[in-house]
Amino acid sequence: MSLYGALFSGVSGLTAQSSAMGAISDNITNVSTIGYKGTTVNFQTLVTKQTSSTFYSAGGVQSKPRQQTDVQGLLQASTSSTDIALSGGGFYVVNQSNRPGVSDPYLFTRAGSFIQDDQGYLKNSAGYYLQGWPTDAAGVVIPSNNNLTITNQNIISSDYVESINLNRVGGTAAATNNVGVGANLPATGATSEPGSTHKTDVEFFDSLGSANNLSIVYTKTANRNNWDVSVAPPPGTAVATLRDTQTPTQGIYASSGQVEFTAIPAANSSIKIGFDSASALTYTFVNGAPTTGFEIQVDGSKTLSQVVSALVAATKAQDKAFSVDNTRIAVKPGITTAIEFNETGVGTIFVDLSNTLNASGGVVTSQTGTFTVEQQDNLYSDFTMLRFGGTNGTTLPNDNDTIVIHGTTYGFDMNGDGIVATGTVVPRGVAQVDTVNINGIVNVGDIFNATVAGATYNFTAANTSASSVATGLAALINANTAIGATASGSAITITSATVGTAFASPTGLTPTSFAPAGVSTLTQTAPVAADGTIASTVAYTVGGTVDAGDVFTVTVDVGAGGTALTGGVTAGTAFTYTAQSGDTATTVAAGLTAAIQAGITAGTEAGYTVASAAGVVTLTSTSVVLNETFAAGVLAIAPAVAAANADATTVATTANIPISLASLMASLEATIEANDTVLATTGARVRTFDLNNDGNIDSIAFSTVNNNANDIITSGITSLARPLDGDKTAYASTKIPVTTESGITFASDGVPANFNVSNLEILNFSDGAQDMSNATGSGKRITLDFGTVGESNGLYQYGKVYKSAFISQNGSAFGTFSGVTIGKDGLVTAKFDNGETRKIFQIPIATFVNPNQLDSRSGNVWSATQNSGDYTLRLADSGPAGQVVQSTLEASTVDIGAEFTNMIVVQRAYSASTKIISTADQMLEELMRVKR
């Protein structure tokens, strides 16, 4: 058995060395393969169990190949920007398909010799496509699947990684977001007088890569070492707004807008201009001569310049907000077909061009849609606007409310007593007073229907007195707390009870006759004759329905037989009573009794007495003589009728004199100018305006005054009546500055002491570029870098000459893809021929716990096995992932010298194994000879 064992041991040696030779051959043939990892072959013994301590049984040898996947290869320089090597223990993720499906496995490699294929995908020499995470322009990883919003950077799937394609990068343009200016503004000389201007012209790029021009204009103010800054909207834009340096919210230093007309608008098209969309006025373009101040003629050989000029004139005439400052709207200097807007502290300017069209519905302006020119902060405005009336436009200050202007306190005398608790008296306006005269003949029962201040009052005349009608109506009207009424004779004086509140004048005072309710009756009982023991009596009974105006008449006749009653009753004496409003039978009987009693008392009707009870009038003789008996008297009723009153009542109303904002503003302006000689100068530093465009003055403006005591204090006014800004927005504080801060202030040594201008916002590019507004989905504002306060590294002020030192800005025009750079962190950045760059992919690096147990595949790639462990995706240049090195390739780890040396050893070992076989064979042959 030992000879056979030796024979088999020699065979195992041949097998093991053949395996080693195979590994050496692979190593030598792949000595130039990028990223190849050499294989070493180790040997292990095969031992046969020894059955005897005096006899040895041969075993043999077995080869154990080991691929040295974790060995770092040498890095060699390359001229290709897409050649990449890993300096570390990670692997690239690759796939044999450029658009992997579910049946296309993701594999791993160190072979970084990638080039673009015919579609732009990065593919290595073995045909495997490099996988990467897509990123946004800032380099933030985003899902490859657009339907996903969450990025998972440890899953290899087409939802998160994709084959890197450089052909889809396209072009790019970068918007300007920083402009630096260096210049010397003259300190002295003619070009440094107040009003002198200098400018810096700057080219900038919008988000579409279009080049635009803007001019930064510096204007010398009346204050030494102070300059204002302005920027007009560049051509093809709508609004340019300079913002200040306030934090956290930047204020508006200046804002301008424009409308550039390219053709004459069609008839019946229009434009809206005003504070906002709700209050903007509409100006209509018409054929033929305008019939209103809101129409602009476009036919009759009108030129575009004439139409634009007429629109500006109409706006100034119809909208009083544009009379506050003549520069708020104007024909653009040098461009007679364009309108410019300059907001100077009055309020926002809203422009709606949605209907400014030609006959075909096409636009006739470079600007479209709507835009708003922002209101300049009061800190930088040349005047301060106070709009009284509160949010509803009608609320006025209370009596004794105060306002401090230019250091002087003014008190509002709203009750008209000529006294205020504090400050100089500002007289109230005049209350509305209406006078109603009751003229003509008033009939009993006439109904007066009067409507005053929205309420209707009904008064029925109980008699024929005009003064009683006036008194009665006044009493009813006084129930309305908004007004007060007093009667004097036949006149009613109606006065507003609240200063500043007007009311609708009285209407409907024409009287109407009442409608009778029914029929009244008057009956007489049979007279009772005297019999010597009782006196003669007669009774009259009032019945039926009593109406105001019914006239009841009783004629007391002579006694029976023609004998006069004792005491001398006058035959045929008539007594009357006219029913008043609300009379009943009882009150009528009492009235008749009173009339008869008046005759008895006067001594003309002696001989009987009269009394009434429950609607019955009873006459009783004062004698019991037998021949005295009342005769049947004459009774009569003149009932009220429903015929129209022939005596017309007239009403005379005085002119309305309302307590208004207009009268209060006029009073305030007159009081200020009478008490403040500085504000009264030129008569233009305090002015009133009608910003509501309703014919009533509602605002007052104060021009800048160069002193230290010019804040306006409104805390003394009740909050509901506190004045607002021009566009009805509330001031941030009740302390409103009137001084005007400049854009740039220089110190006495010529270096800047303060900048109030921080950045520039530009809106509505006609080429469709993004707004430069910092808003979500829009581009960034342009930061204006005028230098450092206290240093002359930007703007400075020396000598007599303006001189531009430098202009710098970022941004670029459109550029096409020109290559990539790949950072050590695996971030792929596209380069463009305009100098711009954009991040496009992040290369993930896979690491394994035991990379030497990866399963080798053709093409110098590996797949994960159970022994290697699962992959972990990492960012390059972190942990064990290693760095990505661009324009470099990782060489094979094969040492050819060592391989040749190993080959000699293997060859000798193989020869020795053959000797074992041949020797064992000879020994077996000798054994066979023994038998022969």
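**Labels and their grounds**

Modeller: S18 and S19 run antiparallel and are joined by four bridges. In this pair, Ser270 stands opposite Thr284 in S19. The model is predicted, so local features need pLDDT of at least 70 and side-chain atom pairs count only at pLDDT 80 or more, while totals for chains, interfaces and linings use all residues. Residues are numbered from 1 along each chain as its sequence is written, and side-chain values use heavy atoms, leaving out hydrogens and water.

Biologist: What makes two strands a pair?

Modeller: DSSP must find at least two bridges between them. S18 and S19 have four, so they meet the rule of at least two. The strands themselves are DSSP runs (E, at least two residues), as helices are (H or I, at least four), both numbered from the N terminus.

Biologist: Which strands are the edge strands of the five-strand sheet, and what makes them so?

Modeller: The open sheet has the order S20-S19-S18-S23-S24, with mixed pairing. Its edge strands are S20 and S24 (370–373), each pairing on one side only. From one strand to the next, the twist averages 20°. Angles run from 0 to 180 degrees between N-to-C directions, with axes fitted to C-alpha atoms, for helices over the stretch in contact.

Biologist: How do you know that H2 packs on the sheet?

Modeller: H2 touches S18, S19 and S20, and its direction makes about 145° with that of S19. Contact means heavy atoms within 4.5 Å.

Biologist: How does the reach of H2 compare with what is expected?

Modeller: The expected span is 1.5 Å times one less than the number of residues. H2 (residues 304–318) has 15 residues and reaches 21 Å between its first and last C-alpha, close to the 21 Å expected. Leu304, Val307, Val308, Leu311, Val312, Ala314 and Thr315 of H2 are buried. Those residues cover an arc of only 165° around the axis, so they sit on the same side of H2; the arc is taken from the directions between the helix axis and the C-beta atoms.

Biologist: What joins the side chains of Thr384 and Asn378?

Modeller: A polar contact of 2.9 Å. The limit is 3.5 Å between N or O atoms; within protein, one must be able to donate a hydrogen and the other to accept it, and residues adjacent in sequence count only if both atoms are side-chain atoms. The 2.9 Å contact is within 3.5 Å, so it qualifies.

Biologist: Why is Asn225 called partly exposed?

Modeller: Asn225 has a relative accessible area of 23%, so it falls in the middle class. Asn860, at 14%, counts as buried.

Biologist: What is the phi of Asn225?

Modeller: Phi of Asn225 is near 65°, a positive value in a residue other than glycine, and Asn860 has a positive phi near 60°. Most residues other than glycine have a negative phi, and most peptide bonds are trans.

Biologist: Which peptide bond is cis?

Modeller: The bond joining Thr247 and Pro248 is cis, with omega about 0°. Pro248 is in the loop between S16 (239–243) and S17 (252–260).

Methods
Buried means under 20% relative accessible area, exposed over 50%, partly exposed in between (1.4 Å probe, protein chains only).
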